[in-house]
Amino acid sequence: MSRRLDWTSSPAGPLRGMLDMPGDKSVSHRAIMLAALADGVSRIDGFLEGEDTRATAAAFAGMGVHIETPSPSRRIVHGVGLHGLRAATAPIDCGNAGTGMRLLAGLLAGQTFDSELRGDASLSRRPMGRIIDPLTAMGAHIDSNEGGMPPLRIHGGRALHGISFAPPVASAQVKSAILLAGLYAQGSTEVREVHATRDYSERMLATFGWPIEFGDGWARLAGKARLRATHVAVPADFSSAAFFLVAASIVPGSELVLRSVGINPRRTGLLAVLRLMGADIVELDRREQGGEWLADLRVRHAPLHGIDVPEQHVADMIDEFPILFIAAAAARGVTRISGVAELRVKESDRLAVMASGLAGLGIEVVERAEGAAIHGGRIGAGRIDSVGDHRIAMSFAVAGLIASGAIAISDCANVATSFPGFADLANGCGFSIAASAAGQG
């Protein structure tokens with residue numbers, strides 16, 4: 001029997017409180033990976049205790065890396081050096097983590113041993129050709145199922161060489177996979193992007209002492225250096241904060257402060273878009289920590305209005321579009337989104353699921369191949385199938401705050417992959433989410 005978790009989100013009053021978000025998922029993945037390959041012992045504070053990031057830690061433990069957990073959200077990683085990993089005795093389970101699988105593929109392409117990467121049903125439907133192609137150009141040998149789908153079978157012992165690559169799709173995961181393979185490659189590896197994506201990998205590599213040059217939309221490194229153990233303080237996850245930024249914006253009388261949130265400019269496109277829509281969000285105590293910018297975000301209710309979302313923000317908010325759909329549904333007027341075909345190959349076809357879900361709640365949505373137009377209106381009561389997508393589930397939980405009645409949301413267990421404890425934290429500041437669990441075959 002597997003888990004089944006359903007939610008019912010009901011209308012609620014003003015949201016109040018000072019909240020701590022979980023650690024940044026992207027930073028947590030990368031911190032474990034580079035700490036495992038570093039010389040010496042690294043400490044990671046603020047590690048996300050989610051299923052995705054734990055799967056990445058388990059992957060390295062299975063390859064011979066000793067990882068201690070002295071307390072929740074802390075890891076002590078005894079690095080084995082760039083060439084110290086051992087072959088796993090079984091296929092590596094990446095769970096639901098697309099970041100974990102794609103970045104691991106880059107790292108494992110340079111090992112002397114064979115590896116196999118597997119995922120859950122959702123991850124097994126996500127395209128991996130976008131990393132297989134450039135890694136193959138570097139000399140890797142990777143087999144996959146038809147259409148470039150997982151599992152990935154990575155053949156070790158291949159001599160990698162650096163390349164200069166321009167990804168056809170803006171993706172920090174693709175860029176990172178190539179750079180991580182570049183650690184093992186002869187010569188220089190360079191990635192140049194049409195639209196700049198988040199630079200967590202570049203900043204993390206520099207923090208661990210690897211010589212790397214990078215700027216807006218480009219990164220370059222040479223192989224055959226070393227990583228040095230360090231202390232990583234993981235900021236709070238902006239993608240997690242996004243649900244509360246929208247919730248407080250659309251519920252009258254609300255005021256929340258979200259503490260120590262990472263505000264990397266390549267991650268916070270939603271912040272810019274919400275402000276264009278009229279949101280009242282202020283950055284307090286802006287500071288730098290471990291190469292990343294943090295701030296406390298204070299958000300107060302403000303009437304939102306529809307806009308044409310500037311395309312330059314799309315790559316910087318690709319994970320936040322589900323919750324933007326909810327903000328758009330609550331706004332006055334029409335919000336138009338374009339250039340988001342990438343949403344169709346996330347944990348679900350997020351463009352289709354959000355459009356049909358809102359339509360079922362009485363919101364007019366015109367879906368297009370690479371975008372949508374959302375007509376703001378009154379969100380009705382109804383039932384939503386989150387199709388096992390954590391961001392879909394949390395987004396409709398926010399919608400329930402201002403709906404005309406309760407919204408029943410099915411298949412919410414995967415929220416634990418990125419935001420364990422979401423419902424409890426949300427209820428603590430004024431949401432009304434009731435959970436029901438049952439087994440299913």
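In this predicted model, the side chains of Arg 267 and Asp 237 meet in a salt bridge, with an N to O distance of 2.9 Å. Arg 267 lies in the loop between strand 15 (255–262) and helix 8 (269–276), while Asp 237 lies in the loop between strand 14 and helix 7 (238–250), so the pair ties together parts that are 30 residues apart in sequence. Both Arg 267 and Asp 237 are buried.

**Salt bridges**

- The count of salt bridges comes to 30.
- A salt bridge of 2.8 Å, N to O, joins the side chains of Arg 75 and Glu 49. Since Arg 75 belongs to strand 5 (residues 74–80) and Glu 49 to the loop between strand 3 (39–45) and helix 2 (51–61), the pair ties together parts that are 26 residues apart in sequence. Arg 75 and Glu 49 are both buried.
- Asp 45 and Arg 43 also meet through their side chains in a salt bridge, at 2.9 Å from N to O. Asp 45 counts as buried, at 15% relative accessibility, whereas Arg 43 is partly exposed, with a relative accessible area of 34%.
- A network of salt bridges links Glu 190, Arg 192, Glu 213 and Arg 220.
- As a general point, side chains of opposite charge can pair when their charged atoms come close.

**Nonpolar cores**

- The largest nonpolar core has 80 residues, and Trp 7, Phe 244 and Phe 422 touch the most other members. Helix 7 provides the largest share of this core, ten residues.
- Apart from that core lies another, of 65 residues, which includes Leu 34, Val 77, Met 101 and Phe 165.
- When neighbours within four places in sequence are left aside, the contacts of Phe 244 include Leu 19, Met 21, Leu 256, Leu 258 and Val 299. Phe 419, Phe 422, Leu 425, Ala 426, Cys 429 and Phe 431 are also among the contacts of Phe 244.

- Helix 6 spans residues 200–207, and its buried residues are Tyr 200, Ser 201, Glu 202, Met 204 and Leu 205.
- Among the elements that cover these buried residues are helix 1 (25–37) and helix 5 (172–182). The cover also includes strand 12 (212–215), strand 13 (218–222), strand 14 (231–233) and strand 17 (292–300).
- Gly 209, which follows helix 6, has a positive phi, near 90°.

Note on methods: Residues numbered from 1 in each chain as written. Predicted model: local features only at pLDDT ≥ 70, side-chain atom pairs only at ≥ 80, totals over all residues. Heavy atoms only, no water. Buried < 20%, exposed > 50% of the residue type's maximum accessible area, 1.4 Å probe, protein only. Helix = DSSP H or I, 4+ residues; strand = E, 2+ residues; numbered from the N terminus. Contact = heavy atoms within 4.5 Å. Salt bridge = Lys/Arg side-chain N within 4 Å of Asp/Glu carboxyl O. Core = buried A, V, L, I, M, F, W, Y, C linked by side-chain atoms within 4.5 Å.
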